[in-house]
Amino acid sequence: MAFSRVSLLCIALLAISGWACAQDAPGLMSCLQQKGITNFTTSSSAPSMYTSMLYFSLQNLRFTEPGVLRPFVLILPRTKQEVVKSVRCCIRQGWEIRVRSGGHSYEGLSSTSDARNFALIDLMNIADVKVDMKSKTAWVEAGATVGELYSAVAEKSTEYGVAAGTCPTMGTGGHFSGGGMSLLSRKYGLAADNIIDALLVDANGRLLDRKSMGEDLFWALRGGGGGSWGIVVAWKIQLLKVPPKVTVFTVKRTGRDQVTELVHRWQSIAPFLEEDLFIRVFIYGTQLQGDHTDVQLTFSGMYLGRQDQLLNVVNKNFPEMGMAAGECNETSWIDSISYTAYTTTADLVSRSNPNKMYFKAKSDFVTSPIPPSGLQGAWKFLEEELKGFIIFAPQGGRMYEIQPSEIPFPHRAGYLYNIQYQVTWKDSTKDSQYMDWMRRFYAYMTPYVSKSPRAAYVNYIDLDLGSAPNGTATVQEARSWGESYFGANYDRLVTVKTKIDPYNVFRNAQSIPVKK
Ligand SMILES: Cc1cc2nc3c(=O)[nH]c(=O)nc-3n(C[C@H](O)[C@H](O)[C@H](O)COP(=O)(O)OP(=O)(O)OC[C@H]3O[C@@H](n4cnc5c(N)ncnc54)[C@H](O)[C@@H]3O)c2cc1C
């Protein structure tokens, strides 16, 4: 589609000023209507519908607070063609765009903007999954949640699964765009490592597939982070062989000394176990009687095999854990997903999450085991703030075989495990207390984690690493977070971005910048 000169000028002004030119709300709405798109709402036309749709999938309650800017219009296209038309209308009318699939962005980047007026295109109605057992592939529309994807695959086969994260309400649109770590990462790599085609609406309003977009853009889409490249409307993924029975487990242990010893051992074992076994560890403070606290851990994970085999492998390699049969559950792959997500298999398709919280998260990668003294210092933070926890997720296996430049996610061989720090709360008046705790904890961890750059995971997006209003960062400014997420792949991402979206139509506070 060819844009008029006025449209191009408008896009250029939008990129420079962060303010939509000719920002004509009736103009946008009449454009949408002329194109046959009726499924949109504004805060003034239907306030209660607008509010319930806006907050339906937004996970982090920090971004529902009064000072946060909200989109002028919320568009819910019903087809891929409606996405194309919505993008064209927004660009023509000079509106900044945000795209949302599952709404799980840790920093609310799919639902908010620094621009006073922006349009939110929400893909929740574009959520079909077509599974083809002949080719062992599936086309999944980007608005489908991972739970919907898991269920659709399980309906067709008990022998094939999908590598994707544990929370069923996450959108495949954002999750796959940032990589997608899962219990299958050690066996099959990230979700993004298993994408074989994609459909994208680009900054010119064109619908492109892998062939027509070219390999550079297809590379960038698979892990280069959501919100920078256009709107992915569908992914084609490779289905992955799973055995008829897998074993999931939950092993809890309490006490500072025991937790220190177990976690210290785990660091040298978990990344090097056979790739069929994934053992992650949650660590948190716990209240004892009175004011006394202690530290607790939960090992949880999955073995692609039967329970007796799992017990053999663990008892041989990690006897200190003392795993017992009663802590394991041998089940089908699909039931292992619901077990891990604390839900039922029937509920995997539910898009609603009744237990939303305020939260802040951060991430790190570790390249050499943290000494016991370093771990004990970390436990002090967890005992100070019982609403905080950390998750150590092992790398290794297939993650080590894939080259760091294969897709934009660069943290492969040499990275032992990923750390996710989280603190969740319900009382919004205490935001600064929890944010401060998180930042102090992260600062404490500096000597123990990767350096130059301090690596981070873009799906655990963290604006503390740096940000620019409206995605206006220069290439140099964005390096501070770009290299943490993408390492040496950052410059290639900038080159792709500059080529495919020179006016920076698709952007957010941490999007990939354009070379000026
Ligand atoms: C409870 C919870 C559990 C999680 N568990 C895991 C896990 O197990 N493993 C893991 O790796 N991560 C996990 N995450 C992180 C998750 O992968 C990211 O938050 C991911 O970005 C969510 O995707 P979404 O579509 O739900 O989010 P959204 O908020 O909709 O989008 C996230 C970003 O991607 C962009 N985007 C969304 N859709 C599209 C699209 N169709 N095309 C282009 N850009 C798009 C958005 O604009 C935004 O910038 C978890 C997050 C939460 C809140």
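Trainee: Where is serine 452 placed?

Mentor: In the loop between α15 and α16. This is a predicted model. Proline 453 lies in that loop too. The helices run over 431-445 for α15 and 475-486 for α16.

Trainee: What makes the peptide bond from serine 452 to proline 453 cis?

Mentor: Its omega is near 0 degrees.

Trainee: And what is said of the phi of serine 452?

Mentor: It is positive, about 50 degrees, although serine 452 is not a glycine.

Trainee: Turn to the ligand. Which residues come nearest?

Mentor: Val99, Ser101, Ser110, His175 and Tyr457, out of 31 residues around the ligand. A residue belongs there because one of its heavy atoms lies within 4 Å.

Trainee: How much of the ligand does the protein cover?

Mentor: 90% of the 960 Å² of accessible area that the ligand has on its own.

Trainee: Which elements give two or more residues to the shell?

Mentor: β3 (96-100), α6 (172-178) and β10 (231-238). Of the elements, α6 gives the most, with three residues.

Trainee: How does the shell divide by class?

Mentor: Into twelve nonpolar, 18 polar and one charged residues.

Trainee: What does UniProt list for residues 67-242?

Mentor: The unreviewed entry gives "domain: FAD-binding PCMH-type". Treat that as an annotation, which may be inferred rather than shown by experiment. In the model, the span is 26% helix and 24% strand. Its end C-alpha atoms lie 47 Å apart.

Trainee: How is the chain divided into domains?

Mentor: Domain 1 covers 5-122 and domain 2 covers 129-242. Domain 3 takes 246-330 + 357-460.

Trainee: What makes you say that domain 1 and domain 2 are in contact?

Mentor: Contact asks for heavy atoms within 4.5 Å. Twelve residues from domain 1 and 18 residues from domain 2 take part, so the label holds. The C-alpha centres of the two domains lie 24 Å apart.

Methods:
Residues numbered from 1 in each chain as written. Predicted model: local features only at pLDDT ≥ 70, side-chain atom pairs only at ≥ 80, totals over all residues. Heavy atoms only, no water. Helix = DSSP H or I, 4+ residues; strand = E, 2+ residues; numbered from the N terminus. Areas by Shrake-Rupley, 256 points an atom, 1.4 Å probe, with all protein chains shown as cover. Nonpolar A, V, L, I, M, F, W, Y, C, P; charged D, E, K, R; others polar. Domains from an automatic or database assignment.
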